[in-house]
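Open the structure in your viewer and keep the selection panel at hand. The tour below goes from one selection to the next and says what is found at each stop.

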Amino acid sequence: MCGIVGYVGSRVAAPLLIEGLKRLEYRGYDSAGVAIMNGKGVETRKAAGKIAMLESAVISDPVHGTLGIAHTRWATHGAPNHTNAHPHVSCDETIAVVHNGIIENATALRKALEEAGHVFRSETDTEVLAHLIEEFFSGNLEEAVMAALEKVDGTYGIAVVSSSDRDKIVAARKGSPLLVGLGDQEYYVASDVSAILAHTRQVIYLDDGDLAVLERTGYRILDLNAATLTKTVSRIDWDLEQIERGGFAHFMLKEIFEQPKSVENTMRGRLLAEEGLAKLGGLNLTDDELLKFENIVITACGTSWHSALIAEHMLEELARIPVDVEYASEFRYRNPIVSDRTLCIVISQSGETADTLAAMREAQRRGARALGIVNVVGSTIARESDGGIYIHAGPEIGVASTKAFTSQVCALALFTLRLARLRNLSSERGMEIVKAMQALPEQIQQILDNAPAIEVIAEEFKDASNFLYLGRGFNFPAALEGALKLKEISYIHAEGYPAAEMKHGPIALIDENMPVVFIAPHDSVFEKIVSNIAEVKARGGRVIALTSMDEPALVGKLDYEIRIPHTIDMFTPVLASIPLQLLAYYIAVKRGADVDQPRNLAKSVTVE
């Protein structure tokens with residue numbers, strides 16, 4: 001969740017750190033702080049609230065130095081306030097620590113440290129690290145950090161500085177992402193490449209158990225036993241413009257409008273139109289190995305879980321293989337049936353989602369092969385999975401996922417096509433799927449061109465207290481995703497249901513104040529959805545319907561209609577998600593909500 005950035009070099013650190021935090025603010029925005037070596041000691045500035053509050057504090061009371069660490073917080077232990085903001089310091093204020101993760105034995109460690117005479121100032125688990133490192137410090141910072149981490153249970157990505165070993169930053173990782181950036185006689189540490197992309201494209205991704213020492217003269221990567229490690233230097237191909245708003249009011253709106261391109265990028269070079277096939281070079285599985293799998297388990301969280309549900313429909317219908325979709329957060333806490341004949345697909349935009357990563361590792365431990373569907377190149381899931389598919393959606397900064405969702409669905413469709421053609425799907429059906437996929441970018445653009453009409457509907461319903469989203473078949477997961485988008489960013493209570501389930505409870509909620517969104521394309525279950533719409537209208541509900549053609553059966557039954565282009569059933573969720581994203585966005589903006597940084601949320605959930 002939280003964002004970390006550190007710098008050592010010849011430039012003034014504070015502006016670089018603030019700039020980096022601004023690019024990391026989507027990871028947490030409860031409070032923020034910096035710790036800088038000012039030539040005499042460690043000097044900190046902290047502020048509750050967003051990065052702008054910290055920036056004001058630093059402007060009004062400058063702190064000078066060319067080495068420092070910084071942090072933007074998503075609160076886990078302790079309220080979001082100035083006292084609990086990072087960095088946290090030792091009793092003698094010579095050591096400062098920033099931390100992303102959870103120290104699970106913090107209570108026991110805190111008690112022992114207090115008995116040893118340490119005085120705590122905050123409610124956080126992180127402060128334990130500062131005192132623990134102080135307890136072990138005898139002149140060498142990395143040795144003290146190694147000794148302290150031996151006592152720690154839990155997850156961490158940390159950066160540490162000390163005025164008693166003043167020309168270095170020590171960083172370590174276990175379970176929370178961290179990377180080292182290599183500049184021109186300057187070095188960075190960050191939890192996300194976006195924090196340092198303006199200054200370097202050369203990075204080293206740290207693995208669990210790695211410890212980095214950054215000094216003015218160079219860097220070292222060690223394990224926790226102080227053995228030197230050789231790590232690969234990766235080059236980042238993103239452009240800085242991709243992580244800017246580019247004239248849009250919000251990142252979310254920009255990312256919604258990028259979807260014709262992001263979906264095209266997901267498919268680029270992977271479709272063989274004349275053969276009705278998909279080419280996926282990163283699976284690391286032969287055709288024979290793919291055919292040996294007896295079942296598939298897909299595990300994910302949030303929006304990625306909704307794309308997994310769509311994939312379940314695709315794979316079972318076309319590849320005729322049993323598929324189970326699991327919440328990653330629950331998967332390893334029960335006894336799932338997984339074997340060496342199981343393929344486990346894990347889906348995560350960031351490739352760092354803690355629960356999804358843990359579920360993947362558990363599936364691998366039980367003998368399954370793991371494929372990662374991720375967006376971020378070099379992420380932990382990308383590195384630890386047995387193979388996978390990069391969705392190539394480009395950086396997604398808005399906390400509420402949009403373009404990653406549609407690209408995930410397309411990537412999963414590519415995999416479905418690949419497997420189904422091996423398992424006797426006809427070339428004719430394969431070519432039909434390829435043709436439908438190739439049409440998606442232009443069809444998405446047609447929907448985006450109708451955005452002003454969707455904004456008019458948003459104006460009508462911006463003051464609603466509740467929403468229902470209903471769909472059937474492939475479109476039930478799209479209903480779930482539409483409801484999630486609305487409640488994430490507008491704070492309106494919204495629920496998604498299979499349309500037929502409405503009669504089993506939710507219908508009791510319907511009255512003249514209840515907007516009900518139906519995903520009602522002319523598909524194999526259209527006649528059933530018409531009956532569900534009639535049931536809502538009979539009870540005074542207000543119906544917003546997504547349709548794909550003029551429907552005589554719906555005349556007089558709709559309050560508002562949003563037209564989407566016709567496609568084959570499996571791709572309707574891709575097209576339906578676009579107007580639902582726009583509807584949620586416009587409603588949230590009209591309610592005055594912070595669309596890019598909704599309350600209590602963070603982009604990359606790297607703690608359990």
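What follows is a walk through a predicted model, taken domain by domain.

**Whole chain**

Colour the chain by its assigned domains: domain 1 covers 3-237, domain 2 covers 246-425 and domain 3 covers 446-598. The centres of domain 1 and domain 2, taken over C-alpha atoms, are 33 Å apart. Between these two domains, eight residues of domain 1 are in contact with eight residues of domain 2.

**Stop 1: the antiparallel sheet**

Select the six strands that form an open sheet in the order β5-β6-β7-β8-β12-β13, with antiparallel pairing. At the edges are β5 (88-89) and β13 (218-223), each of which pairs on one side only.

Now pick residues 156-162 and 168-174. These are β7 and β8, antiparallel strands joined by five bridges. To find one of the paired positions, show Gly 157, whose bridge partner in β8 is Arg 173.

**Stop 2**

Select residues 295-300. How many of the six residues of β17 are buried? Six of the six are, so the strand is largely enclosed by the rest of the structure. Asn 295, Val 297 and Thr 299 point one way from β17, while Ile 296, Ile 298 and Ala 300 point the other way.

β17 pairs in the parallel sense with β18 (residues 323-327) over five bridges, and Val 297 stands opposite Asp 324 in β18. β17 also pairs with β19 in the parallel sense over five bridges. On that side, Ile 298 has Ile 345 in β19 as its bridge partner.

Go on to Thr 353, in the loop between β19 (342-348) and α11 (354-365). Is Thr 353 buried or exposed? Its relative accessible area is 13%, so Thr 353 counts as buried, the cut-off being under 20%. Show side chains here: those of Thr 353 and Ser 348 are joined by a polar contact of 2.8 Å.

**Stop 3: helix α15**

Select residues 451-461. Which residues of α15 are buried? They are Ala 451, Ile 454, Ile 457, Ala 458 and Phe 461. Look down the axis of α15: the buried residues fall within an arc of 110°, so they line one face of the helix. The face turned away from the buried side carries the exposed residues Pro 452 and Val 456.

**Stop 4: the parallel sheet**

Select the five strands of the open sheet ordered β23-β22-β24-β25-β26, where the pairing is parallel. β23 (493-498) and β26 (560-563) stand at the edges with a single partner strand each, so one side of each has no neighbour in the sheet. Neighbouring strands here are turned by 20° against each other on average, direction ignored.

Within this sheet, β22 (residues 466-471) pairs with β24 (residues 515-519) over three bridges in the parallel sense. Show Leu 470 and its bridge partner in β24, Phe 518.

α16 (residues 475-490) touches β22, β23 and β24, and its direction makes about 175° with that of β23. α17 (residues 526-538) touches β22, β24 and β25 (542-547), and its direction makes about 170° with that of β24.

Notes: Residues numbered from 1 in each chain as written. Predicted model: local features only at pLDDT ≥ 70, side-chain atom pairs only at ≥ 80, totals over all residues. Heavy atoms only, no water. Pairing = 2+ DSSP bridges. Helix = DSSP H or I, 4+ residues; strand = E, 2+ residues; numbered from the N terminus. Axes fitted to C-alpha atoms, helices over the stretch in contact; angles between N-to-C directions. Contact = heavy atoms within 4.5 Å. Buried < 20%, exposed > 50% of the residue type's maximum accessible area, 1.4 Å probe, protein only. Arc of directions from axis to C-beta. Polar contact = N/O pair within 3.5 Å; in protein donor to acceptor, adjacent residues only side chain to side chain. Domains from an automatic or database assignment.
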